[in-house]
Amino acid sequence: WSVGDICVACWSSDGVWYNAMVESEESGQYQVIFTDYGNQDNVTLDRIVASAQDIPAGQRDMIDECVKIEEVECSQISSSSNPNSHLDQRATVSTSQDVVSSNHPWSVGSAGIARWSEDDVWYNAVVDSVDQASGDIQVTFTDYGNTAIVKSDNIVSTAQDIPTDQIHMVDECVEMSATKSSPSDAAQNQVVQKNETEVTISKNSSDAKTRSPSCCPHTVGETVVARWSEDKVWYNAVIDSIDDASSQAHVTFIDYGNSATVSVNKIVATANDIPADELEMVDECVQLPICLPLTSAPLASIKEEDVASSLGA
C-alpha cells in the first residue's frame, strides 16, 4: 500500500469495514482515514483490502453501508452447491474491471468537472487518486475544498461534456462555453436562462450553501482557531477533514499536537472572529489583535494591583 491509496479498512473499535484512504505506513501498520466519517485509525495489513470483494467471507455482515458492494457479484451468484462457480464468476468480474480501469483516461492531478452524489451538481474538481480495482476516482472540489469519490461516468473534462439533460445542474464556478451546441436556438436559450436562474439562486438565496459540496466556510489544510470542547478554550489549529453531513471538522491543535472533532461553528479564521464574550478563553499561543474591545473594569483592576505591588516592593 502507498500513501493516497483508496481502500476498505476494518476499524479496530467496532470491527466494521469502512471506506478509507492510506495516510502513512510505519512498522507494518498503516494509518488510514475513514473517508466517509473523517476519523483515523492504525490498522494491520490483514485489516485493509482493495475493495469489498476482498473482505473475508465471514465478515461480510460487518460492512459499513457506505461501502459499495458490486451488484454483479450479488446478482450472478446462484444457489449452486459448487463453490468453484462463485470463484469463477468473481474472477470474471475482476477481469472486466481491470480492463475498464486499464483504459481509464484519468490520472492523479488531472483537472475536470465532477458530479457530487449528494446534490447531483457538477463542480470543478481535480483528481486525487484512482482506484484501479473498482474504477472509483477520488476528487477534490477545487472551489470548495472538500473531497468525494465519484464514478468514471460522473467526471468529464469540460462543461461541454456534461450530459445535456444535466446542464441546469452545473455549479456557478464552472466556466461554460459561450457557444453551447444544442438542437435549436430555442433550446439553447432555455439552457442559458436556466443557468442564469441557478446562479441567481446560488448567490442570493439563503439556502445557497446547501448547493455547494461544503457547508463549512473553511477548507482542509487551512490554519484556523478552534475551540476545544473539553475546556472551552480557543487554540491554534489546522483542519484535517470536514464532515458536511454532521457539520463537524477534524482538527489538529498545532501548538500541542492533539486532535479533536469540533463543530464548524466553533472554528474561526483568526482571533478577531472569536466572540467578544469568549476572549478570556483564548490560549496564550493564539495571537490576539492589538486593539481588543476594552472592558474597563477588569483591566483597571489589574493595573491597580500592579501599581500596589510595585509600591509595596
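Start by selecting Val251 and Ala260: Val251 stands opposite Ala260 in strand β14. You're looking at a predicted model, where local features need pLDDT of at least 70, side-chain atom pairs count only at pLDDT 80 or more, and totals for chains, interfaces and linings use all residues. Residues are numbered from 1 along each chain as its sequence is written, and side-chain values use heavy atoms, with hydrogens and water left out.

Now widen the selection to β13 (residues 248-252) and β14, which run antiparallel and are joined by five bridges. A quick word on terms: helices (H or I, at least four residues) and strands (E, at least two) are DSSP runs, numbered from the N terminus. Two strands count as paired if DSSP finds at least two bridges between them. In general, strands of a sheet pair through backbone hydrogen bonds, either parallel or antiparallel.

Then colour β14 (residues 259-263) by face: Ala260 and Val262 are on the covered one, while Ser259, Thr261 and Ser263 are on the uncovered one.

Next, pick β11 (residues 223-227). Why is this strand largely enclosed by the rest of the structure? Because four of its five residues are buried (under 20% relative accessible area; exposed is over 50%, partly exposed in between, with a 1.4 Å probe and protein chains only).

Click on Val225 and look both ways. Val225 stands opposite Asn236 in β12, and Val225 also stands opposite Val268 in β15. β11 pairs with β12 (residues 234-243) in the antiparallel sense over five bridges, and two bridges join β11 to β15 (residues 267-268), again antiparallel.

Now go past β15 to Glu278, in the loop between β15 and α4 (296-312). Is Glu278 buried or exposed? Glu278 is buried, with a relative accessible area of 15%. Show what surrounds this residue: leaving aside neighbours within four places in sequence, Glu278 is in contact (heavy atoms within 4.5 Å) with Arg227, Trp234 and Lys266.

Last stop: an open sheet of five strands, in the order β9-β8-β7-β6-β10, with antiparallel pairing. Its edge strands are β9 (147-150) and β10 (155-156), each pairing on one side only. Zoom in on β8 (residues 137-141), which pairs with β9 over four bridges, and find Gln138, whose bridge partner in β9 is Ile149.
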